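Here's a quick tour of one protein model. Have a look at it first, and then we'll go through its rings, its surface and its confidence.

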Amino acid sequence: MERTKRLITLTLLLLLPVVHGAAQDTSRVRVTLPEVVITEKNPRPNSTLTQTPTQVADVERLERLGSTQVADALRQMAGATIKDYGGVGGIKTVSVRGMGSQFSTLTIDGVAVNDCQNGQVDLSRYSLAGASFFSLSNGQSTTPLQAARAYASGSVMTMETREPEFDSLPWHLRAGAEGGSFGYFSPTLGVERQIGTRGALSLSGNYMRTDGNYPFTLYYTGSKEDSSSRERRENSAVKTATLDANFFYSFAPRKRLQVKAHYMQGYHQLPGPVIFYRVVPSGEHTEERLFFTQTRYRQTGTHWDWQLLGKYQYAHDLYEDTANNAGLILNLYTQQEAYLSQGARFHTGNDYGDWLSITASADESVSRLLSNLSTHNDVTRESLQGVLTAQYEVHLWEWLRGLQLNAHVLGTFVQDHERAYTGVRPYVHASPYLGATLTRGMFTFRAFYKDTYRVPNFNELYYFTVGRALRPEKGRQYNAGVSFHTGTQKLSTHLRHRIEATADFYRNRVSDKIIAVPTQNMFIWSMRNLGEVSIIGLDLTASYTLYHARRQDFRLDASASYTWQKAVDITDPQSKTYGHQIPYTPRHSGGASLLATTPWVTVGYTLTLVGVRYSREQNTYSTWMEPYADHGITLSHDFDLGKATLRLKAQVLNLLDTQYEVVQSYPMMGRNYRIGITIET
């Protein structure tokens, strides 16, 4: 404890002079450059110019395509593998480039979403409504000033809240409702209000419920050539309610404050697996409550930028199984986390641009997990992370113009405190990063190396396991790629078009992979560092945009992605699983979307392709999972009502009624329908 306090104090003291300089510099900017106005408050990254492969999704476009959840956006992105346990409310996690879900981080307005219990985020809990954009960055995000925690992951999902803009009216209202198959119903209501000339407040709420009892075909043999029966999913009801409040305030054009509060309450029934000859009954359900409030303050200047982030999070989860043979199972978990991050950035900002940038950030968090279990019912984790980054862009020699070099080192210090056990050693590690980009005309070449370090979570160390001598997982990421972008080009007097494409080859290695091994029975497990995984792959993306320069009602957007990935176990050459593809990771996957806007109707089409996968470490016929293609189509039209806009939408999901499984024994929904209406002022 004392060592942690000393490290935190030292880090903050080191940053104080930098922050003081940032404040002084910003005041000078206000005097000497009064004409500077920031028009885009949270600029989205340019996917063809970033050093780490970054895919950006426009939320308005996703809504037209019928995609409303974070998982929906990720399905169209190269390198992302979604694990979906079926149904509207099924748990959804993502593994990017074969590294596992716990190597990915979701940030909302610059603050990472954290779960100290299992280390992964259920993407079904987060909607894209109210966001300005969503992006996926392999390696790390390229945001100029970000928290140290954002550097610690193998991939970063970034979501920024849309800030209200006001013209003639000082307020906006948005109300809508969606209904569909299997008892799906979801109303929403949102209000935005201007506060003075510098502030804005937005409030939104959403409720969703569904029976989730959809039909499926149960085949009695793996070949699907013998007898079968028509069954229906049971114990699949979902009810969730969310409330969001956002406050924005500008003290000056370069001093901005953002405060967010989020509350979610949910009830999820958990359907059991479907096994040959029988449907396993399930009496499982979860109840969850999540609340967090966070603050971001940014101050920018000619040479200095400063950022302060703070967050408090409370989560309560209940898991109950009333159909277990051993009797009623009731598990209760309560998480709390306090988080603080401070960062400062120096950049040259002269006639040559920001050719030199140096950033320092320090994060501190304290997480506590309480449970009703007889052992390990009170665990606390203190974490300290600090990062120092440098970016240099060559301007001195003509033949090297456009070359940008980046480097950083991230320090991690984690200490656990647990009542039933003393003497837990801290986790300490330094993670380096090196990267470069070179731009030549329409082409940008990029490469990076990154070291990633993941500390075992509370489930792996303390709950449902025996043995606690675990080493953290270590990841090494290599990437080399090229992007192509034409910019906006003129086709005719009124037609314009734009083409973008990327190709990235990568190699990842995960060592000391944590594997669960059963011991006495299926309820007691031993967590061991047994695994090592080698991953090589290729990501390809392409997009095309065609639009009319004078008419907003004529536009065509098309995009496609493809991933080839070989992710194999290289732990033990004598093992039966050596050289086998890791579970649920397809060799081939991809997606495509098409959005056509016309004066009469807007048509959105999505396609998800997933190749052969295996459900277990050993690749055999019994663990083989069929490839599948999922099609969806959405039709919508906007009606101009003067000061308001009315939108009608109709959607068909799984258009061809394909029966498939993302996770073995958990069948997905077949063809289903939704209709929606939204009015917005």
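## Aromatic pairs

Rings of Phe, Tyr and Trp (for Trp, its six-membered ring) pair if their centres lie within 6.5 Å; planes under 30 degrees apart count as stacked, over 60 as edge-to-face and the rest as tilted. Searching the whole structure that way turns up 11 aromatic pairs. Bear in mind that this is a predicted model, where local features need pLDDT of at least 70, side-chain atom pairs count only at pLDDT 80 or more, and totals for chains, interfaces and linings use all residues. Residues are numbered from 1 along each chain as its sequence is written, and side-chain values use heavy atoms, with hydrogens and water left out.

Take Tyr249 and Phe251: their ring centres sit 5.0 Å apart with the planes at 70°, so this pair is edge-to-face. For burial, under 20% relative accessible area means buried, over 50% exposed, and in between partly exposed (1.4 Å probe, protein chains only). Tyr249 is partly exposed at 25%, and Phe251 is partly exposed at 42%. Both belong to one aromatic cluster, formed by Phe247, Tyr249, Phe251, Tyr297 and Trp306.

## A stacked pair across the chain

How are the rings of Tyr628 and Tyr660 arranged? Their centres are 4.0 Å apart and their planes at 10°, so they're stacked. The pair ties together distant parts of the chain, 32 residues apart: Tyr628 is in strand E35 (residues 628-640), while Tyr660 is in the loop between strand E36 (645-653) and strand E37 (661-663). Strands here are DSSP runs of at least two residues, numbered from the N terminus. Tyr628 is buried, at 12% relative accessibility, and so is Tyr660, at 10%.

Strand E8 (171-180) and strand E9 (184-195) are the elements that give two or more residues to it. Leu173, found in strand E8, is partly exposed at 35%.

## Confidence

pLDDT is the predictor's confidence in each residue, from 0 to 100. The chain's mean is 85, and 84% of its residues reach 70 or more. Residues 3-40 fall below 50, though this stretch has 47 contacts (heavy atoms within 4.5 Å) beyond near neighbours in sequence. Residues 518-525 are also below 50, with 14 such contacts. Where pLDDT is low, the predicted coordinates should not be read in detail.

Conventions: Helices (H or I, at least four residues) and strands (E, at least two) are DSSP runs, numbered from the N terminus.
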